[in-house]
Amino acid sequence: MSLKYAVLAALLEGEASGYELSKAFDVSLANFWPATPQQLYRELERLAQDGLVQARTVQQERRPNKRMFTLTEAGRAELGAFAAEPPRRPTAIRDELLIKIQAMDGGDPEVTRALIEERRGWARGKLDRYRRVQARLLDGRTEDAYLREADRVGPYLTLMAGIAFEEENLRWCERALAVLAERVALGWGDVRSRRSPSA
């Protein structure tokens, strides 16, 4: 999948500037399709050239003028065709931290602990942002009511996936930190050199 479909999907929410779109990506799409603001701006220009989005310039007095983008009918049609296709590949995890964890035995347990705590902090921060977006979307409604009544449920369903992902990240971090603490208490090197009874 290319970035263009993620941008087109984000514009289903309505007209947006490149800056607004980058903020929307940060809280809704970045968890599963990350993009830098520069990538988004370049993609918006390509989509405008291809007739999939329409751009208009908004004059501003004390700020630089900004360009606002909306989906065209051609953009909606292309996005609809994309949504009907099966995904090309199943989900695959590519996570540098997990490679570091795979190689941690024989290393410094404090370094490993710090890496996991950093990941835990990121997960908590993202989960907090997702919860704020969730509260704004629900606006006092229950989740079941929202999913029955809302005009669009796609953004909420993807938000649910992001929340579940970060909750699982937190669970893994807590478990990994507990394992490290136990091994350090037993003597990191002693535990590493010990053979298991089944070996």
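## The chain as a whole

Of the 199 residues in the chain, 29% are buried. Buried means under 20% relative accessible area, exposed means over 50%, and partly exposed lies in between (1.4 Å probe, protein chains only). This is a predicted model: local features need pLDDT of at least 70, side-chain atom pairs count only at pLDDT 80 or more, and totals for chains, interfaces and linings use all residues. Residues are numbered from 1 along each chain as its sequence is written, and side-chain values use heavy atoms, with hydrogens and water left out.

The accessible surface of the chain is about 13,500 Å². Carbon and sulfur atoms hold 52% of that surface. Accessible areas come from the Shrake-Rupley method with a 1.4 Å probe; for residues, only the protein chains shown count as cover.

## Order of elements

The chain has 9 helices and 3 strands. Helices (H or I, at least four residues) and strands (E, at least two) are DSSP runs, numbered from the N terminus. From that end, the order is α-β-α-α-β-β-α-α-α-α-α-α.

Take the contacts in the chain with a separation of 6 or more: 61% of them come from residues 24 or more positions apart. Contact means heavy atoms within 4.5 Å.

## Strand pairing

Strand E3 (residues 66-71) pairs with strand E1 (residues 16-17) through 2 bridges. These two run antiparallel. Two strands pair if DSSP finds at least two bridges between them. Ala16 stands opposite Phe69 in E3.

Strand E2 (residues 53-58) also joins E3, here by 6 bridges. E2 and E3 run antiparallel. Gln54 faces Thr70 of E3 across this pairing.

## Helix H1 against helix H3

Helix H1 (residues 3-10) packs on helix H3 (residues 37-49) at an angle of about 85 degrees. Their axes are 10 Å apart. Axes are lines fitted to C-alpha atoms, for helices over the stretch in contact, and angles run from 0 to 180 degrees between N-to-C directions. H1 and H3 are therefore roughly perpendicular to each other, a term for angles of 65 to 115 degrees.

From H1, the contact uses Leu3, Lys4, Val7 and Leu8. From H3, it uses Gln39, Leu40, Glu43, Leu44 and Leu47. The residues of this contact divide into 6 nonpolar, 1 polar and 2 charged.

## Arg120 in helix H6

Arg120 sits in helix H6 (residues 109-138). Is Arg120 buried or exposed? Arg120 is buried, with a relative accessible area of 16%. Leaving out residues up to four places away in sequence, Arg120 touches Leu170, Cys173, Glu174 and Leu177.

Key
Angles under 35 degrees count as roughly parallel, over 145 as roughly antiparallel, 65 to 115 as roughly perpendicular and the rest as oblique. Ala, Val, Leu, Ile, Met, Phe, Trp, Tyr, Cys and Pro count as nonpolar, Asp, Glu, Lys and Arg as charged, and the others, Gly among them, as polar.
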